[in-house]
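Please find below my notes on the model, as numbered points.

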Amino acid sequence: MQIECTIKRPGGSKVQLGKNTYHFKPKDDHPDTPHVAEVTDEAHCKRLLSIREAYRGVGKEGEAAQKQADAALTKGSGTDGHIKSPEEMDADVVSEETVQELLEGADELMAAKKKTSADQLTNKDVSDLFKDIVGLNPANKKEISRFAAGVEVELPSTMTQPAALLKYLLVKLAEKFPAEESEEDDGAEESDEQE
């Protein structure tokens, strides 16, 4: 679906969500032309349209999606009239492929650093891993909380440092999604047992 970024910058605006980068730019060189991008991921459409100050749907499909996003935000209003932010309402859905890619990256990093668990990695290593694979700002606790909610991991309220939260999250993900043993490993174990 086509989504317009109402904030016009020279050269357009690039937005990264997950592994996708969307370039909101004018279709021609005229500065007043709307800056639009084709956004194909439904969760990304919902997220962008929830930011009323900067994005809006284009065309019939976009306008219908905008109405749904507005209704969801209004539905999330508290009794005090406060409209809940997307972080307060729903977490972004995180694909299992993203989690597996993150865990594989952690395994490779641990092997390279000769570490046996994710909590032994440096804060920078873990922060870079989340930034590179997930596209997460490792210093933003709200983004970390949203990601955690998206993978259904509850973060301890006693942890306040973003790097500690990321390490905790990585350890919990490894527990929740254990690495599958390859058939080669199974065969090697069977031959060891026969000897």
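1. The largest nonpolar core has 27 residues, and those with the most contacts inside it are Leu102, Phe130, Phe147, Val151, Leu169, Leu170 and Leu173. A nonpolar core here is a set of buried Ala, Val, Leu, Ile, Met, Phe, Trp, Tyr and Cys residues joined through side-chain atoms within 4.5 Å. Buried means under 20% relative accessible area, exposed over 50%, and partly exposed in between (1.4 Å probe, protein chains only).

2. At least two residues of this core come from each of α4 (96–113), α5, α6 (141–150) and α7. Helix α4 gives the largest share, six residues. Helices (H or I, at least four residues) and strands (E, at least two) are DSSP runs, numbered from the N terminus.

3. The model is predicted: local features need pLDDT of at least 70, side-chain atom pairs count only at pLDDT 80 or more, and totals for chains, interfaces and linings use all residues. Residues are numbered from 1 along each chain as its sequence is written, and side-chain values use heavy atoms, with hydrogens and water left out.

4. Contact means heavy atoms within 4.5 Å. A second, separate core of 16 residues includes Leu17, Tyr22, Val39 and Tyr55.

5. Helix α5 (residues 123–134) packs on helix α7 (residues 162–176) at an angle of about 70°, with the axes 9 Å apart. The two are therefore roughly perpendicular to each other. On the α5 side the contact is made by Asn123, Val126, Ser127, Leu129 and Phe130, and on the α7 side by Ala163, Leu166, Lys167, Leu169 and Leu170. These residues divide into seven nonpolar, two polar and one charged. Axes are lines fitted to C-alpha atoms, for helices over the stretch in contact, and angles run from 0 to 180 degrees between N-to-C directions. Angles under 35 degrees count as roughly parallel, over 145 as roughly antiparallel, 65 to 115 as roughly perpendicular and the rest as oblique.

6. Helix α7 also packs against α4, at an angle of about 110° and with axes 10 Å apart. Val99, Leu102, Leu103 and Ala106 of α4 meet Leu170, Leu173 and Ala174 of α7. The residues of this contact are seven nonpolar, no polar and no charged. Ala, Val, Leu, Ile, Met, Phe, Trp, Tyr, Cys and Pro count as nonpolar, Asp, Glu, Lys and Arg as charged, and the others, Gly among them, as polar.

7. Strand β1 (residues 2–5) runs antiparallel to β4 (residues 35–38), to which four bridges join it. Three bridges join β1 to β5 (residues 55–57), also antiparallel. Glu4 has Val36 as its bridge partner in β4 and stands opposite Arg56 in β5. Two strands pair if DSSP finds at least two bridges between them.

8. Is Ile3 buried or exposed? Ile3 counts as buried, because its relative accessibility is 0%. Ile3 lies in strand β1, and its contacts beyond four places in sequence include Phe24, Val36, Leu48 and Tyr55.

9. Of its 195 residues, 35% count as buried.
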